[in-house]
Amino acid sequence: MARAHVLLLNPALGPLDYRADRHHAVEPGSIVLAPLGPRQLVGVVWEEERLPSAEQVGDNRLRPLLDVYDVPPIAAPLRRLIEWTADYYLASPAAVLRMTLPSSSALDGARTIIEYRSSGAKPERMTAQREQALERIGQRQGLIRELATIADVSEAVIRGLVKSGAIEAVTVSIDTPWPVPDPEHPAPALSDEQQLAAGIVGEAVHARAFHPFLLDGVTGSGKTEVYFEAVAEALRLGRQTLVLLPEIALTEPFLKRFEARFGQLPVVWHSELRQSQRRRAWRAISSGDARVVVGARSALFLPYRDLGLIVVDEAHETSFKQEEGVLYHARDVAVMRAKLEAIPVILASATPAIETRQQAAIGRYTELRLTSRHGGAQLPEIETIDLLTDPPQRGRWMAPPLVKALADRLDRKEQSLLFLNRRGYAPLTLCRTCGHRFQCPNCTAWMVEHRLMSRLQCHHCGHSMPPPAECPECKDQDSLVACGPGVERIADEVAALFPEARVAIATSDSLSTPARAAEFVERMEAGEIDVVVGTQLVTKGYHFPELTLVGVIDADLGLSGGDLRAAERCFQQIAQVSGRAGRGSKPGHVYIQTHSPNAPVIAALLSGDAQSFYAAETEARRLAEAPPFGRYAAIIISSEKLDEATTTARLIGRTSPAVEGMHVYGPAPAPLAMLRGRHRQRLLVHARRSLDVQQVIRDWLGPLSWPRGVRVAVDVDPYSFL
Ligand SMILES: [Zn+2]
Ligand SMILES: [Zn+2]
C-alpha cells in the first residue's frame with residue numbers, strides 16, 4: 001500500500017499521511033484532494049524527509065485520498081523554494097504553498113463557467129440597492145460573488161437582478177489558448193551599449209545556469225529593450241519568462257512596450273484578475289502555454305512548467321517587500337528561485353539598492369551598465385530651490401522659480417510633473433479654535449483629508465468619515481483648517497495660478513485599476529494633460545516624451561524618515577522622478593524644493609555623483625553593521641488588549657537568549673503604537689551576518705505561549721520600521 005505524505009493548504013497543520021490506492025497514483029508534487037475531519041482540503045504530496053510529521057500514524061488508520069488533480073505536479077525546484085521561503089521567513093510551509101495554489105477552481109477539469117453581466121433590461125421593481133448595483137457593474141462581467149463585491153451589495157441583490165432579467169448569465173470558455181509572443185517580430189535598433197548587454201544576458205539564457213545580473217542603467221537608457229532580448233532568447237528556446245513589476249499600475253505601459261516588441265501581449269497576473277482569468281492564467285502557466293508572464297510579486301510562487309528566465313524590473317522598489325501574511329521580499333526570493341531552477345535572473349534598476357550593489361561589488365552578481373540615454377536623449381538638468389531664500393507666497397507651496405518654469409512649459413505646450421509623496425488634500429486637519437487634531441480611532445495616525453471624495457481617511461486602516469461641520473471638541477462651527485499640502489492641494493494651486501491648464505492627479509487613489517492607469521497613459525500620450533501632480537506611483541516606469549519639467553514640491557519629506565534606508569530611498573525617489581523629464585528630443589529640467597540644499601542626498605542629485613553618495617551610505621552601513629553587513633529581524637507583538645500586548649512583549653524580552661553577535665532592542669511601543677485597533681509592541685533583533693538568526697528566534701519563541709488574542713509576527717530583513 002502506498003502512503004502519501006501531504007502538505008495541506010492549512011497553515012495551522014503540519015503534513016499529514018494518507019493512503020493512495022491504485023486509482024490515485026501519486027508522486028512528490030502531485031496535487032491532491034484529501035479528507036480532514038468532515039472537510040476536504042487541497043494539498044500537495046511532499047517528500048517525508050523534507051517536512052517530517054510530528055507523529056507517525058499507523059497504516060491501518062490512514063484515510064484514503066479523495067482525488068488526484070489532472071494538472072502537472074509541483075516540480076522539485078518550486079517545492080525547494082517553498083521550503084526555503086518558509087524556513088527563511090519563519091512562515092508555515094502551507095502559507096507559502098497557498099501562493100502557489102491561489103485558485104482552487106484552476107484545478108477543476110471544467111472548460112466553461114457561468115458568469116453574469118448586465119442585460120441592459122431594467123428590472124420591474126427598482127430599489128436603491130438595485131440601482132447602485134447596476135450602475136457600478138456597468139459593462140463588467142463576473143461571478144455573482146465578484147459582482148456583489150464590485151457593486152458593494154449582497155449576493156442576494158445580484159441574484160434578485162438575475163431573476164428579474166436585468167442581469168443575464170453567459171457561458172464563458174476559460175481555457176482558450178494564449179497567443180505566443182514572436183521573438184522575431186521586428187525589434188528596435190539598439191545602441192552599442194545595449195547591444196553588448198543584450199548579448200550577454202541572451203547567452204546566459206541559452207546556457208541554462210544560475211546567473212544573477214544587475215542591469216544598472218540611468219533612467220531612459222533602455223533597460224527594458226535589453227532584457228527583452230533575453231526574453232526573446234527564452235522564447236526561441238521554448239522556455240517561460242517571468243517579469244516582476246513592483247505595482248499593478250505599471251503593467252499598462254509595460255504591456256504596450258511588450259506588444260510593440262513581440263507582436264502579442266504576455267499573460268498578466270495580479271490581484272485584480274477575475275476568478276476565470278486567474279484560472280486560465282494559472283493553467284497556462286502550469287502547462288507551459290503561458291510563455292511570458294508579467295505580474296506583481298504574487299506571480300513569483302506560481303508553478304511554471306519550464307521557467308527559463310526571471311526579470312525583476314525596478315528592482316530597488318520597496319513594494320517588492322510583502323508586509324502582510326508571509327513577510328517575504330520578492331526580489332530576494334526571485335534570486336533564490338533562479339538559483340533553484342538553475343536559470344539567470346536580471347535585476348533592472350536605475351537606482352539599485354545598496355544590498356544589490358554590494359552583491360555586484362563582491363562579484364556575486366554580474367553588473368551590466370548603461371551609461372547614456374537611449375536615442376540621443378540627454379539626462380535632465382537639476383537645480384534646487386532653497387525654500388528659505390526663495391519661499392512660496394503665503395498659503396502656497398510652489399516657489400516663484402517653479403511657478404515661472406511651469407508657466408514657460410504651458411506656453412510651449414510641453415508637459416510637467418509635480419511630485420509630492422502625499423495622497424489627498426492635506427495630511428492633517430485641526431481646529432483653529434481649540435487645536436483639536438483629527439486622529440484615526442484605530443491607529444496612531446492622522447486622518448488625511450481627501451477633498452475630491454469629501455472624506456477624512458486613515459491611510460493605514462482605511463477608516464473614513466465625512467468632514468464634520470463642527471469641531472467635536474469645542475463645537476465651534478467652521479473652525480477646521482487643513483494643514484500642509486497633499487497632491488490635491490497642489491492641483492488646486494496649479495488650477496488657481498493657471499486656470500486654463502489641464503491638470504491630472506496620479507496616485508493610488510486615482511489609478512487604482514489597470515484600466516484607469518491605461519486611460520491616464522492614453523491621455524498623457526494624446527497631449528490631453530498639461531500638468532500631472534503625482535505621488536511615488538508616477539516616479540518610475542512611465543515614458544512621456546513631451547514631459548520636460550519635473551518639480552519636487554518637498555524633498556525634505558523623504559529626508560526626515562528615521563529608518564536606515566531613509567537617505568537611500570530619498571535619493572532613489574528623486575532620481576527616479578527626475579528621470580521622467582526630457583526622455584524625448586526636448587531637454588528636461590528638474591527643480592527640487594528644499595530647506596536643506598546642502599544635505600548629502602541633494603548634493604549628490606545635483607552633481608550627478610551617485611557613486612560617492614552610495615559609497616558614503618555603504619560605509620555608514622558597514623560601520624553600523626546594518627544590512628547588508630549585518631541583519632535585522634523585527635518581532636511585532638499585537639493585541640486588541642493593551643495589557644496582553646505589553647505582558648507578552650515583556651515575556652519575550654525577558655527570555656531573549658544571550659547569543660554572541662546578537663543584540664535585542666526593546667520591547668517598546670512600535671512607532672505605529674496602534675494599528676487597525678491593535679496595540680503594538682516591538683523588539684528589534686540585530687545580528688551578525690553569519691548568525692543563523694532564524695534558528696535562534698525559533699528556539700527562543702518556540703517554547704513560549706501567549707493568550708489567544710495576541711499575534712506575534714517575525715519580520716526577517718524588515719523594510720518597514722513602523
Ligand atoms: Zn475645536
Ligand atoms: Zn486607521
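1. Two strands are taken to pair if DSSP finds at least two bridges between them, and helices (H or I, at least four residues) and strands (E, at least two) are DSSP runs, numbered from the N terminus. Strand 1 (residues 2-8) and strand 4 (residues 39-45) pair in the antiparallel sense, over three bridges.

2. This is a predicted model, in which local features need pLDDT of at least 70 and side-chain atom pairs count only at pLDDT 80 or more, while totals for chains, interfaces and linings use all residues. Residues are numbered from 1 along each chain as its sequence is written, chains are lettered from A and ligands numbered from 1 in the order in which they are written, and side-chain values use heavy atoms, with hydrogens and water left out.

3. Helix 3 (residues 128-137) and helix 4 pack with their axes 8 Å apart, at an angle of about 100°, where axes are lines fitted to C-alpha atoms, for helices over the stretch in contact, and angles run from 0 to 180 degrees between N-to-C directions. Helix 3 is therefore roughly perpendicular to helix 4 (angles under 35 degrees count as roughly parallel, over 145 as roughly antiparallel, 65 to 115 as roughly perpendicular and the rest as oblique). Gln-132, Ala-133, Arg-136 and Ile-137 of helix 3 meet Leu-147, Ile-150 and Ala-151 of helix 4, contact meaning heavy atoms within 4.5 Å.

4. Helix 4 (residues 144-151) also packs with helix 5 (residues 155-164), at about 115° and with axes 8 Å apart, so that helix 4 and helix 5 are likewise roughly perpendicular to each other. On the helix 4 side the residues are Ile-144, Arg-145, Leu-147 and Ala-148, and these meet Glu-155, Ile-158, Arg-159 and Val-162 of helix 5. The residues of this contact divide into five nonpolar, no polar and three charged (Ala, Val, Leu, Ile, Met, Phe, Trp, Tyr, Cys and Pro count as nonpolar, Asp, Glu, Lys and Arg as charged, and the others, Gly among them, as polar).

5. Ala-197, in helix 6 (residues 192-207), counts as buried because its relative accessibility is 4% (buried means under 20% relative accessible area, exposed over 50%, partly exposed in between, with a 1.4 Å probe and protein chains only). Leaving aside residues up to four places away in sequence, Ala-197 touches Val-226, Leu-368 and Leu-370.

6. Strand 9 (residues 211-217) is largely enclosed by the rest of the structure, because six of its seven residues are buried. Strand 9 runs parallel to strand 14 (residues 344-349), to which six bridges join it, and pairs with strand 15 (residues 366-370) in the parallel sense over five bridges. Leu-370 in strand 15 is the bridge partner of Gly-217.

7. A further open sheet has six strands in the order 16-26-25-17-24-23, with parallel pairing. Its edge strands are strand 16 (381-386) and strand 23 (503-506), each of which pairs on one side only. Helix 16 (residues 566-578) lies across strand 16, strand 17, strand 25 and strand 26, running at about 155° to strand 25.
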